Structure formats: structure tokens, C-alpha cells
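The sequence and the structure are shown first, and the description follows.

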Amino acid sequence: INSLFIMTILLIALAVSLGVNQVVKNTLFNTYEENLLNLSQSNYQYLDTLFEGDWSNNAGALYKGTENVETMNDELDHILSTMGVVSTIFLNDTRGATTVNIDVDRTRGTTASEKKKKKVLNGDTYIGTADVVGVPHLTVYSPLKDATGTIIGMWFVGQSIESINSAIADVRTIILIIIATVGLIAIALNMVVIRKIVEPII
């Protein structure tokens, strides 16, 4: 009876662990997507109030009001460095201001992928995974519009998949420890109960 009960507990614990693993991963990943989208919108609004005026393409340079986007690196660093995310302001598909670095150099002048450019410059927001200087990130790309509503660029924020997976793994570990602890307690109680039943019979 003990062996049967222990085997049943182990099988249940395994099934629950596998189910919980998938549910935790999907739920937390969706939560990170929503949080990143909210972060993108809130920081876009912050930039909108920080620099007065409309977005505009002035002789091949992107401006917010009278401010050239190429001078906004410090502002992007300030508002996003403590949040563990990277950001970029694009003129069309070309990076103007960015917190993304290769070694110590910012990746200004490089371009977004064809897939994201096609989607965002047609007026849609892209949410999904993408490589940022070779590192997988969860990303949000949103269109930038001038005063006439014409799309002239993109606003990007991204968070490293590695940091997201690390947070998911921490939650998953805690849940698995709880499942294992409950299983061990159930097995110990079962052995006590079975002993009390069997000893009088013997």
C-alpha cells in the first residue's frame, strides 16, 4: 500500500510540475509582454512631454520639436537604464538615438530588420522576440508620426530574454519546491497512517 501510494504521489507531482512549468512560462511571458507594452507607451508619453513640439523629418534628420533626436541619448539612458530595458528612436528604419551598444559604441546608423520595418512603418505595433546585437530580446516597436499623421519613424523598447527567463526560472523553482515539500509530507503522513492500521492486524 505504501509503495502504491508513494508511486501515485510521485506521478501526480510529476504531472503537476510539468503542467505548472508550462503555465508559469506562458503566463509570465504574457505578463512581461503587457508590461513592456505599457512601459513603451508611458516612456513615449514622457518623451512627448520632455521635448515640446511634433516629430518631424527635417532634411533627413529626425526632430522632436526643435530637438534633434541624435542628441537624445542621455535622456534615453536616464529614463530607462534603471529599468533593465533598451530603447531606440528610428528615422524610418534607421537608428537615430539609442541605448543599444556594441562594445562601447552606440549602434546609431544601423537599420531594423525588414520584417519589423514593413509592419511598423505601415502603422502597426510589433510585439515579439528579436535579436538586438545578437542577444534575444522581447521587443515592442511602435510607429512615430509627424503633425500630419505620416509615419516617419519608430519607437523601440526591448528587454533581454535571458533576464525574463531567469525570473521565470526563479518562480518555477519556488513552485516545484512547494510541490516537492507537500509530496514528502503526504508520503510521511501516509506511512504513519498505514502503520497504525497494519500493526493491530499483525
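## Strand pairing around β4

Two strands are taken as paired if DSSP finds at least two bridges between them. The model described here is predicted, and in it strand β4 has partners in both β5 and β10: β4 and β5 (residues 94-98) pair in the antiparallel sense over four bridges, while β4 and β10 do so, also antiparallel, over seven bridges.

## Other strands

Strand β8 (residues 126-132) pairs with β9 in the antiparallel sense over seven bridges, and I127 stands opposite V140 in β9. These two strands form a hairpin with two residues between them, in which V133 takes a positive phi near 45°.

An open sheet is formed by three strands in the order β1-β2-β3, with antiparallel pairing. Because β1 (55-58) and β3 (67-68) stand at the edges with a single partner strand each, one side of each is left without a neighbour in the sheet. Four bridges join β1 to β2 (residues 61-64), and the bridge partner of N57 in β2 is L62.

## Nonpolar cores

The largest nonpolar core has 25 residues, of which L36, L47, W55, L62, V69, I89 and W155 touch the most other members. At least two residues of this core come from each of α1 (2-50), α2 (73-80), β4 (85-91), β9 (135-145), β10 (151-160) and α4, and α1 gives the most, with five residues. Apart from this core lies another, of ten residues, among them V86, A112, Y126 and F156.

Leaving aside neighbours within four places in sequence, V69 is in contact with W55, L62, Y63, I89, G96 and A97.

## A nonpolar surface patch

V193, I197, V198, I201 and I202 make a nonpolar surface patch of about 520 Å². One of these residues, V198, is found in helix α4 (residues 161-201) and is partly exposed, with a relative accessible area of 32%.

Conventions. Residues numbered from 1 in each chain as written. Predicted model: local features only at pLDDT ≥ 70, side-chain atom pairs only at ≥ 80, totals over all residues. Heavy atoms only, no water. Patch = residues over 30% accessible without salt bridge, like charges linked within 9 Å, V, L, I, M, F, W, Y side chains within 5 Å. Areas by Shrake-Rupley, 256 points an atom, 1.4 Å probe, with all protein chains shown as cover. Salt bridge = Lys/Arg side-chain N within 4 Å of Asp/Glu carboxyl O. Buried < 20%, exposed > 50% of the residue type's maximum accessible area, 1.4 Å probe, protein only. Core = buried A, V, L, I, M, F, W, Y, C linked by side-chain atoms within 4.5 Å. Contact = heavy atoms within 4.5 Å.
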